Amino acid sequence: MTILRWGIASAGKISHDFVTALRSLPAKEHDVVAVAARQLSRAQDFAKLHEIKKAYDDYAKLALDKDIDIVYIGAIHPQHFDIAMLMLKHNKHVLCEKPLTMNLKQTTELINYAKSKKLFLMEAAWSRCFPVYEAIKKEITSGNIGDVHQVIASFGFAMPDVERITMKELGGGTILDLGIYCLQFACLIYDNEMPESIKASGFLNKDGVDISMSATLTYKGNRTATIMTHALVPLPNTAYVCGTEGVIRVPDFWCPTTADLPSGTVKVPLPKLKHEINFVNSAGLAYEAAEARACILKGLTESPKVTHDTSLLLAKLEDELRKQLGVVYPQD
């Protein structure tokens, strides 16, 4: 296999951005074979725009398509587990939007099943695939910022009426939608170490999901991570890594094209795209698609950039933050 044949589950905004970004990669390496949505008309419109041959009105039909190697899941959070299991049962590799599932219980079951099937499964924590992240890790390893004792990451927008954030039945809440980015950044810097303590607070809306969250994660060796999410006001949306000898500043840390390092500023331009996109720097979704292909060609069942242990840790931390704020989903 040299061409990775993609199926797309859901014809929403993030799937549009993913396929648009995917088209920036060589056609001899990636092909989008089919798209599925709950409404056939949406799938057909999506297929027409993106020049995809097949459109389905049922995810099961996508799973049954023998011409597909891997499925990208861009559906809402509560659907991730069921769709991913369906695809794995039909021997499809899976790249699933974050959060991988709604909780640690589901994430553990999904990962164990993928392993039993010897199939590639990756949580689409696309941030980890940006070249700037490699530069950040190299800067820390070089010793240029000394010993790291503080990570700060905030992620928030004024979006009080965005239903995927505000409605429990859609898997709403800032922890799962935004907090995962702050958490993965802290986990990256602290090498997936489990914090010794977590203290979180925030506010819930009338539907019982968090519209803001502030948390302090403490680690051994006097190290701390401070993270914030918000759906009522914009936050700085910048991450900082503070060491004894210097500071790293990362604007748009969830999809960075630049970072200010003690050794200088690093800049990596994004690929050029054919269509307009919905979200900031979505051209960078191409990086995770390329990573998936590289891993599958090597026979890997997980990505070294977003390992299964990373997804399990993120789920565990998300569960704890939700527990402290009092956010409970039906899937719990």
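Because D319 and R322 stand three residues apart in helix 10 (residues 308–325), about one helical turn separates them. In this predicted model, their side chains meet in a salt bridge, with N and O 3.2 Å apart.

## Salt bridges between other elements

A search of the whole structure finds 14 salt bridges. One of them joins the side chains of R5 and D69, with a distance of 3.0 Å from N to O. This pair links distant parts of the chain, given that R5 belongs to strand 1 while D69 sits in the loop between helix 3 (59–64) and strand 4, 64 residues apart. R5 is partly exposed, with a relative accessibility of 29%, and D69 is buried, with a value of 14%.

Another salt bridge is formed by R164 and D177, whose closest N and O atoms are 2.7 Å apart. R164 lies in helix 7 (residues 163–166) and D177 in helix 8 (residues 174–189), so this pair ties together parts that are 13 residues apart in sequence. Here R164 is partly exposed at 34% relative accessible area, and D177 is buried at 6%.

## Helix 1 and its surroundings

Helix 1 (residues 13–22) is largely enclosed by the rest of the structure, because eight of its 10 residues are buried. The buried residues of helix 1 pack against several elements, including strand 1 (4–9), helix 2 (40–50), strand 5 (93–97) and helix 9 (285–297).

T20 is one of the buried residues of helix 1, with a relative accessible area of 2%. The side chain of T20 reaches the backbone oxygen of H16 at 2.7 Å, and, leaving aside residues up to four places away in sequence, T20 touches H50, L273, K274, H275 and I277.

Strand 2 (residues 30–36) includes A36, which counts as buried at 0% relative accessibility. When residues up to four places away in sequence are not counted, the residues that A36 touches include I8, A9, A43, Y56 and L62. A36 and A47 are 11 residues apart in sequence, and their C-alpha atoms are 9.2 Å apart in space.

## Where the two domains meet

The domain assignment of the protein gives domain 1 (4–126) and domain 2 (131–267 + 308–325), and the centres of these domains, taken over C-alpha atoms, are separated by 26 Å. At their interface, 16 residues of domain 1 are in contact with 18 residues of domain 2. The two domains bury about 1600 Å² between them, with 64% of this area on carbon and sulfur atoms. Of the area that domain 1 buries against domain 2, K98, L104 and W126 supply 32%, which is more than any other three residues supply.

Across this interface the rule finds zero salt bridges, although it does find seven residue pairs in polar contact. On the side of domain 1 that touches domain 2, the elements that give two or more residues are helix 5 (104–117) and strand 6 (121–124), and helix 5 provides the largest share, five residues. Sorted by class, this side of domain 1 has nine nonpolar, four polar and three charged residues.

Definitions and conventions. Residues are numbered from 1 along each chain as its sequence is written. This is a predicted model: local features need pLDDT of at least 70, side-chain atom pairs count only at pLDDT 80 or more; totals for chains, interfaces and linings use all residues. Side-chain values use heavy atoms; hydrogens and water are left out. Domain bounds come from an automatic or database domain assignment. Contact means heavy atoms within 4.5 Å. Buried area is the accessible area (1.4 Å probe) that two parts lose on being put together, summed over both. A salt bridge is a side-chain nitrogen of Lys or Arg within 4 Å of a carboxyl oxygen of Asp or Glu. A polar contact is a pair of N or O atoms within 3.5 Å; within protein, one must be able to donate a hydrogen and the other to accept it, and residues adjacent in sequence count only if both atoms are side-chain atoms. Helices (H or I, at least four residues) and strands (E, at least two) are DSSP runs, numbered from the N terminus. Ala, Val, Leu, Ile, Met, Phe, Trp, Tyr, Cys and Pro count as nonpolar, Asp, Glu, Lys and Arg as charged, and the others, Gly among them, as polar. Buried means under 20% relative accessible area, exposed over 50%, partly exposed in between (1.4 Å probe, protein chains only).
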